Amino acid sequence: MFGSDIGIDLGTATILVFVKGRGIVLKEPSVVAINKDTDEILAVGDDARNMLGRTPCNIIAIRPLREGVISDYNITEKMLKYFIRKAVGSPLPFATKPRIAVCVPSTVTGVEKRAVEDATKQAGARQVFVIEEPIAAAIGAGIDISRPCGSMVVDIGGGTTDVAVISLGSAVVSTSIKVAGDNFDESIVRYMRKKHNMLIGERTAEEMKINIGTAYERAETVSMDVRGRNLISGLPKTMTVTSDEMLEALSESVTSITEAVHTVLEQTPPELASDISDRGIVMTGGGSLLYGLDKLIHEKTGIDTIIAEEAVSCVAMGTGRYIEFITSPGGVDITKMGI
Ligand code: ADP
Ligand code: MG
């Protein structure tokens, strides 16, 4: 019997697992619930998130990858182990252990890369391939990365935004900034506190971002009733917030993203830059779904910008296609071709 081969998108917000021949089999939040007193892991993924807010206060929720790197190694390893088991079944003898491709942001250090590799190995992999997230995103978005032709991918996740120009299977120019979906939520929380003296939770901020958030002026203003606590009276309060206000709340964060795109374009060799202006910029990741962000990038760069189909599962599909390819007879490591 052959072991299954697996691709993992180890995202800061969501973990997706792709199993060869089966496709994406698991998509769960990268959250772990822990007993603060004993350090015991109580639940992982969906179960951990469902426990939030419904448990005694000695139980806390941890997002071990918060800013795109492993901030808590032990918990990441246990979380990976849990998801791998869940995807392929109970503990496996060595010969049937899976080969696993896992992706990391393009700017991680060698030490961080090794931490991901070790955690994946410890979690039960027979062999580990660590690939850069923008490469996986590009493969998942259907870009043929093996050609000597420049493509730009902007992957906006929870913790990080990765911008990369890819040609011949590797990232030629790239940057990663810690401004992405989480930062949008934090900006909304700050805005509500400063502008309206109102305290809202992160979940509420995320809902506002998804429902009325905007990076580019909308043709029609939309609004939403928001519940929080009045910081002056200390009492619950409900108020209507509009998308115009969200434009103001999010402007600094989205500017950081357009600036990152601009910086990468500036550093791109001219031939590749002209490929990009012909082929356009592709956006992936949940954060790319923020209303109008594609239009804003288009306006700031003058380059067509599209959101990949299945933007959220793009990286996982790319990682999966990569492991399918590399483990098939005659498969070569396309990400090494340019080196
Ligand atoms: P990661 O790769 O870091 O796990 P994801 O690609 O799963 O992250 O993206 C998660 C982020 O996308 C979260 O901040 C989430 O709030 C945001 N997000 C998801 N859907 C939308 C949407 N429709 N509009 C704006 N943001 C969204
Ligand atoms: Mg991601």
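The legends below describe close-up views of a predicted model.

**View 1. The second largest pocket and the helices that line it.**
The second largest pocket of this predicted model holds about 290 Å³ of space. Two elements, α5 (181–196) and α7 (243–267), each give two or more residues to its lining, and α5 gives the most, with six residues. The lining is made by Val179, Asn183, Ser187, Arg190, Tyr191, Lys194, Lys195, Glu248, Ala249, Glu252, Ser253 and Ser256. Sorted by class, these lining residues comprise three nonpolar, four polar and five charged residues.

**View 2. Tyr191 and Ala249 in the lining of the second largest pocket.**
Tyr191 and Ala249 are both among the residues that line the second largest pocket. Tyr191 belongs to helix α5, and with a relative accessible area of 9% this tyrosine is buried. Although Tyr191 and Ala249 stand 58 residues apart along the chain, their C-alpha atoms are separated by 5.6 Å.

**View 3. The salt bridge between Lys86 and Glu28.**
The structure holds six salt bridges, and one of them joins the side chains of Lys86 and Glu28, with an N to O distance of 2.7 Å. Because Lys86 lies in helix α2 (residues 73–88) and Glu28 in strand β3 (residues 23–29), the pair ties together parts that are 58 residues apart in sequence.

**View 4. The salt bridge between Asp182 and Arg63.**
In this view the side chains of Asp182 and Arg63 meet in a salt bridge of 3.1 Å, N to O. Asp182 lies in helix α5 and Arg63 in the loop between β6 (59–62) and α2, so the contact ties together parts of the chain that are 119 residues apart in sequence. Asp182 has a relative accessible area of 11% and is therefore buried, the limit for that class being under 20%.

**View 5. The salt bridge between Lys209 and Asp185.**
A salt bridge is also formed by the side chains of Lys209 and Asp185, at 3.0 Å from N to O. Lys209 is part of helix α6 (residues 202–212) and Asp185 is part of helix α5, so that this pair ties together parts 24 residues apart in sequence. Lys209 is buried, with a relative accessible area of 12%, and Asp185 is buried as well, with a relative accessible area of 6%.

**View 6. A salt-bridge network of three residues.**
Asp5, Lys20 and Arg99 are shown here, linked in a network of salt bridges.

**View 7. Helix α4 and the glycine that follows.**
Helix α4 (residues 133–140) is mostly covered, with eight of its eight residues buried. These buried residues are Glu133, Pro134, Ile135, Ala136, Ala137, Ala138, Ile139 and Gly140. The helix is followed by Gly142, whose phi is positive, near 85°.

**View 8. Thr242 and Thr221.**
Thr242 has its place in strand β14 (residues 236–242) and, at 23% relative accessibility, counts as partly exposed. The C-alpha atoms of Thr242 and Thr221 are separated by 6.7 Å, while the two residues are 21 residues apart along the chain.

Asp39 is not a glycine, yet its phi is positive, at about 65°. The residue lies in the loop between β4 (32–35) and β5 (41–44), where Asp39 counts as exposed at 60% relative accessibility. Leu168, likewise a residue other than glycine, has a positive phi near 50°. Leu168 is found in the loop between β10 (161–167) and β11 (170–177), and its relative accessible area of 33% makes this leucine partly exposed.

Technical notes
Residues are numbered from 1 along each chain as its sequence is written. Chains are lettered from A and ligands numbered from 1 in the order in which they are written. This is a predicted model: local features need pLDDT of at least 70, side-chain atom pairs count only at pLDDT 80 or more; totals for chains, interfaces and linings use all residues. Side-chain values use heavy atoms; hydrogens and water are left out. On a 1 Å grid over the protein atoms alone, a cavity is a set of points where a 1.4 Å probe fits but cannot get out, and a pocket is an open set with protein on both sides within 12 Å along at least five of seven lines; lining residues have an atom within 4 Å of a point. Grid points are joined across faces, edges and corners, and a volume is the space filled by probe spheres set on the points. Helices (H or I, at least four residues) and strands (E, at least two) are DSSP runs, numbered from the N terminus. Ala, Val, Leu, Ile, Met, Phe, Trp, Tyr, Cys and Pro count as nonpolar, Asp, Glu, Lys and Arg as charged, and the others, Gly among them, as polar. Buried means under 20% relative accessible area, exposed over 50%, partly exposed in between (1.4 Å probe, protein chains only). A salt bridge is a side-chain nitrogen of Lys or Arg within 4 Å of a carboxyl oxygen of Asp or Glu.
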